[in-house]
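Please examine the structure shown below, with attention to its aromatic residues and to the packing of its helices. The account that follows leads through these topics in turn.

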Amino acid sequence: MTLYPPSYRQGFAFYRDLVQLTSVEFLWLGLFFLLTWLFTVYLPSHKPGLYTTDISPNRFLTVMLILIAFFITTVVISFYTLQQFANSSDEYAYIFQAEMFSKGKLWDKAHELPDFFYSHNIAQHEGLRLSRFPPGWPMILSVAFVTGFPPFLVNPVLGLVTLIVFYFFARRYYGEQVAIWSLAALALSGFYIFNAASYFSHISCALVTLLFVYYVYLYNEKQNLLYGLLAGFFLSLVVIIRYYTAVIIFIPFVVYLLYHYRLKAIYLFIWIGIGSIPCMAFLFWYNFSITGNALLPVTVWAYSEEQLGFVKGHTFRKGIEHLIRWILMFLYWSSPGLLILYILFLWQKIKSAADRLIRPEDYTFFLLAVGYFFYYEIGGNQYGPRFLFEALPFLIVFIVHKVLQTRERWAVGLLCASLIYAMVKLPFIAYRENRIVIERQDLYKLVDEQKIRNAVVFVVSPTSPIRPMPADDLTRNDASFSNEVIYALELPATNRQLMEYYPDRSFYRYVRNLEEVRGRLIKVR
């Protein structure tokens, strides 16, 4: 406790759980390396044919079973483990904006007493209240609210579509065997499954990123300008879902296309630009409608300190800390084997003059890590290092291709151990995440259990002792503040103003001992 003193949101229970989780993780790592050793020693050393072009019924059945297993697992995790709960302020902001879009609005009015309703990713600026994030993913999610489709199923469906596109991409450009192995490695990864079970934007972004890469390759293969237009369209979809990710993803392709086409690449860039016009026009209109400047994104308009680089207390040292934590998260949510193989094979690729400037998507994972090194946020509550998520399909197909190409026993052993490890560890991850979700919903459960209505609750304490959810992530209200129970921050010096604003409502305070799971609702008026 001397090394880890309690703070306003983290008590001894948090650090005790961290130590326990670390010790258990060492056991999991021991299991992984034991599996690796067993596979390396006992796998047969024969080398079956690497590429096949026919799809036998068995292969088709294998692909279908992988897809079905993924979809069922993801829906179960979304419904039962995560309980359809927006487990981070990012996810809540996406849902908030999607509901607003479904009603034909870009924003709603901010509350007249905005300081009580500060929410980490809901901007309140110049009298407007809206999500700080790009409009792409909320626009996709809003379709569920318009049509009555369950919103929690949108990402599982998109995750399934992404796997199908990924399989056909890998099959076309890497071969049948690589495609099936890659599909299994991606679909069985906790990193992929949990993001597909969440409300995060990364699945939709990964899908359109994959389609962008797919159409660049189709253009190279067929020299058809339609594919250039489609590549531009899907790249612009990446832009309106995750601005910065789009820039990083495009960089290696600029180098690749200029190297292979020289000045002729400018012709392709023009067609990519033309293909991007619909989405970019929508983004400029969206920005102008809210900020008054087509080139000023909502995030920068509402949060003037939003920048890249060493700002907001971000330093080189913190960037290193973020990298280390992303590595640890990747080990936890995915597999040590995939990271080891990626580093080794990427180094081999860089050293090879023949391979260095082909398949630019192989660099995406590395470049996203470098790019987000300069961003002050680490990603908040997340299921793996989510800022690097869009590179996961390319990382996996790169690794599988190299493993099956070299057929080194140690590499095959690492890959096989990674697949088994991901499946065996998934129930453990699901159990822990379910416990956290239950703890984090304590405030809302107390309100339901005590049948509180027509009230305002001052949120004084965070929820969950083992992964605290801060008070400003719990002030979740509908756009017009007309919900039965309104959640507000406690501002002791000015609480009376809010009580006078809602004279007909009861008032409560939510408080929780940092060492306990359950809090209390204390009636104020």
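Over the face of which residue does Arg132 lie? In this predicted model, Arg132 is placed over the face of Tyr303, at 4.1 Å from the ring centre. A further arginine is found over a ring: the charged end of Arg262 sits over Tyr259, 5.3 Å from the centre of that ring.

Because Phe70 belongs to helix 2 (residues 57-81) and Tyr192 to helix 7 (residues 190-196), the pair ties together parts that are 122 residues apart in sequence. Phe70 and Tyr192 are both buried.

Helix 7 takes part in another such link through Phe191, whose partner Phe389 lies in the loop between helix 16 (364-373) and helix 17 (392-406), so this pair joins parts 198 residues apart in sequence. The arrangement of Phe191 and Phe389 is edge-to-face, at 5.3 Å centre to centre and 85° between the planes. Both Phe191 and Phe389 are buried. Elsewhere, one aromatic cluster includes Phe169, Tyr173, Tyr214, Phe233 and Phe394.

Turning to helix packing, helix 1 (residues 12-42) packs with helix 18 (residues 409-440) at an angle of about 150°, their axes being 8 Å apart. Since angles over 145 degrees count as roughly antiparallel, helix 1 is roughly antiparallel to helix 18. Their crossing is right-handed, and the contact comprises 18 nonpolar, four polar and six charged residues.

Key: Residues are numbered from 1 along each chain as its sequence is written. This is a predicted model: local features need pLDDT of at least 70, side-chain atom pairs count only at pLDDT 80 or more; totals for chains, interfaces and linings use all residues. Side-chain values use heavy atoms; hydrogens and water are left out. Axes are lines fitted to C-alpha atoms, for helices over the stretch in contact, and angles run from 0 to 180 degrees between N-to-C directions. Helices (H or I, at least four residues) and strands (E, at least two) are DSSP runs, numbered from the N terminus. Angles under 35 degrees count as roughly parallel, over 145 as roughly antiparallel, 65 to 115 as roughly perpendicular and the rest as oblique. A crossing is left-handed if the near helix is turned anticlockwise from the far one by less than a right angle, and right-handed if clockwise. Ala, Val, Leu, Ile, Met, Phe, Trp, Tyr, Cys and Pro count as nonpolar, Asp, Glu, Lys and Arg as charged, and the others, Gly among them, as polar. Buried means under 20% relative accessible area, exposed over 50%, partly exposed in between (1.4 Å probe, protein chains only). Rings of Phe, Tyr and Trp (its six-membered ring) pair if their centres lie within 6.5 Å; planes under 30 degrees apart count as stacked, over 60 as edge-to-face and the rest as tilted. A charge sits over a ring if NZ of Lys or CZ of Arg is within 6 Å of the ring centre and within 35 degrees of the ring normal.
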